[in-house]
Amino acid sequence: MGKRLVCLVTCQWSDLTFEELCKTAHQMGYDGLELAVWGNAFDLDKAYEDDNYIEYIKDILKKYNLIVPVIATHIIGQCVSDPEDPRLNNFAPAKYANDRKAIKEWAVSSMKKAAAVAHKLGVKVISGFTGSPIWKYLYSFPQTTEDMVEAGFQEVRKDWLPIMKEFRKYGIKFALEVHPGEIAFDYYTAKRILEVMSDVPEFGLTFDPSHLIWQGVTPHLYLNDFADKVYNVHMKDAAVRLDGRSGLLGSHIDFGDLRRGWNFRSLGHGDVNFEEIIRVLNAHHYEGTLNVEWEDSGMERVSGATEACAFVRKTDFEASSIKFDDAISNTK
């Protein structure tokens with residue numbers, strides 16, 4: 001197994017046009033993109049309907065020597081299983097504002113389109129969110145019953161089975177990014193959704209250590225336990241800096257504010273032990289890309305993401321093909 005390719009997750013760069021995005025990623029040293037299918041960079045509906053647009057995308061990727069191994073559908077998927085929430089108006093087309101039924105129908109349809117678009121692009125993995133009908137029950141007061149929790153997991157299953165059927169048709173895997181706000185946000189909720197979806201092999205995980213570290217979950221232990229269902233890997237860092245006043249729940253204070261108990265950091269500037277992650281990936285023969293999701297409100301993004309790319313290349317290493325003590329054997 002050689003060293004893995006390094007790609008840029010483009011969710012936080014969707015203000016750029018596609019060519020601007022590709023040029024910037026190439027200049028920063030990346031091999032490819034985990035391509036978000038929204039914003040100025042990419043039009044999912046156009047890609048679904050117009051093969052000439054697909055060819056344009058492929059031509060620009062070739063121009064800048066980039067690949068797209070994964071596409072990202074986070075804001076679309078969030079609208080599938082979330083309850084009525086005015087914040088979804090930020091994700092869905094304006095014409096569906098405050099219409100929960102219409103937003104959900106749009107999201108389900110768009111997720112199915114994403115599978116077809118991935119197939120056109122030769123992409124085998126779609127990363128994203130599911131939403132959660134029970135996230136508001138995170139702290140069990142007023143009291144939350146087990147029946148309410150189980151109903152939430154079953155609702156997600158019901159919502160996503162038709163989407164997964166479309167993914168299966170095209171040979172596409174879905175990698176849920178385990179993340180606050182999703183049906184799976186930590187170790188045991190990830191275990192539970194995988195059990196609920198155990199008969200759906202297309203349904204797996206995106207491993208992102210930044211969402212685990214601040215919760216007290218050890219990322220490389222989590223990765224080792226779920227490695228067979230990890231279809232995508234994000235390289236992203238976070239720093240926990242509890243000062244006696246701050247807490248882990250964030251106090252309704254925006255990211256980047258130094259009063260927060262934790263913040264996302266550029267790679268190598270936080271608390272994630274990436275060497276242990278690489279060792280686990282090697283042990284499980286992970287041959288996918290390592291995708292940098294760059295979020296650091298305290299650092300300029302181009303210089304930060306350039307440094308992050310170099311950090312991943314330096315941190316990643318090949319697994320050994322021999323036992324180290326074979327070389328000192330006396331066997332002739």
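I began with helix 6 (residues 146-170), which lies across strand 4, strand 5 and strand 6 and runs at about 135° to strand 5. For the angle I used axes that are lines fitted to C-alpha atoms, for helices over the stretch in contact, with angles from 0 to 180 degrees between N-to-C directions. Helices (H or I, at least four residues) and strands (E, at least two) are DSSP runs, numbered from the N terminus. This is a predicted model, in which local features need pLDDT of at least 70 and side-chain atom pairs count only at pLDDT 80 or more, while totals for chains, interfaces and linings use all residues. Residues are numbered from 1 along each chain as its sequence is written, and side-chain values use heavy atoms, with hydrogens and water left out.

Entry: I then followed the strands and found a closed barrel of eight, running 1-2-3-4-5-6-7-10 with parallel pairing, where two strands pair if DSSP finds at least two bridges between them. From one strand to the next the twist averages 30°. Helix 5 (residues 100-121) packs on the sheet, where it touches strand 3 (67-72), strand 4 (125-128) and strand 5 (173-177), and its direction makes about 145° with that of strand 4; contact here means heavy atoms within 4.5 Å.

Checking individual pairs, I saw that strand 2 and strand 3 run parallel and are joined by four bridges, with Ile-67 in strand 3 as the bridge partner of Gly-32. Strand 3 and strand 4 are likewise parallel, joined by three bridges, and Val-70 stands opposite Val-125 in strand 4. Strand 6 (residues 203-207) pairs with strand 7 (residues 230-235) in the parallel sense over three bridges, and the partner of Leu-205 in strand 7 is Val-230.

**Entry: helix 1.** Which residues of helix 1 (residues 18-28) are buried? I listed Phe-18, Leu-21, Cys-22, Thr-24, Ala-25 and Met-28, taking buried as under 20% relative accessible area, exposed as over 50% and partly exposed as in between (1.4 Å probe, protein chains only). Seen down the axis of helix 1, these buried residues fall within an arc of 165°, so they line one face of the helix; the arc is that of the directions from the helix axis to the C-beta atoms. Their cover includes strand 1 (6-9), strand 2 (32-36), helix 3 (51-63) and helix 11 (301-315). Just after helix 1, Gly-29 takes a positive phi of about 100°.

**Entry: the core.** A nonpolar core is a set of buried Ala, Val, Leu, Ile, Met, Phe, Trp, Tyr and Cys residues joined through side-chain atoms within 4.5 Å. The largest one has 100 residues, of which Tyr-30, Leu-33 and Ile-193 touch the most other members. Helix 5 gives the most to this core, with ten residues. Leaving aside neighbours within four places in sequence, I noted that Ile-193 is in contact with Phe-153, Val-156, Leu-176, Ile-183, Ala-184 and Phe-203.

**Entry: the loop between strand 8 and strand 9.** Ser-246 lies in the loop between strand 8 (237-240) and strand 9 (262-265), and it counts as buried because its relative accessibility is 15%. Arg-260 is found in that loop and, at 8% relative accessibility, counts as buried. Not counting residues up to four places away in sequence, Arg-260 touches Arg-241, Ser-246, Gly-250, Ile-253, Asp-254 and Phe-255. The C-alpha atoms of Arg-260 and Arg-241 are separated by 7.8 Å, with the two residues 19 apart along the chain. A polar atom of the Arg-260 side chain lies 3.0 Å from the backbone oxygen of Trp-262.

**Entry: backbone exceptions.** Most residues other than glycine have a negative phi, and most peptide bonds are trans. Ser-251, also placed between strand 8 and strand 9, has a positive phi of about 60°. Asn-98 has a positive phi near 65°; it sits in the loop between helix 4 (74-81) and helix 5 and counts as exposed at 59% relative accessibility. Lastly, I found that the peptide bond from Phe-141 to Pro-142 is cis, with omega near -5°, and that Pro-142 belongs to the loop between strand 4 and helix 6.

Definitions and conventions
Polar contact = N/O pair within 3.5 Å; in protein donor to acceptor, adjacent residues only side chain to side chain.
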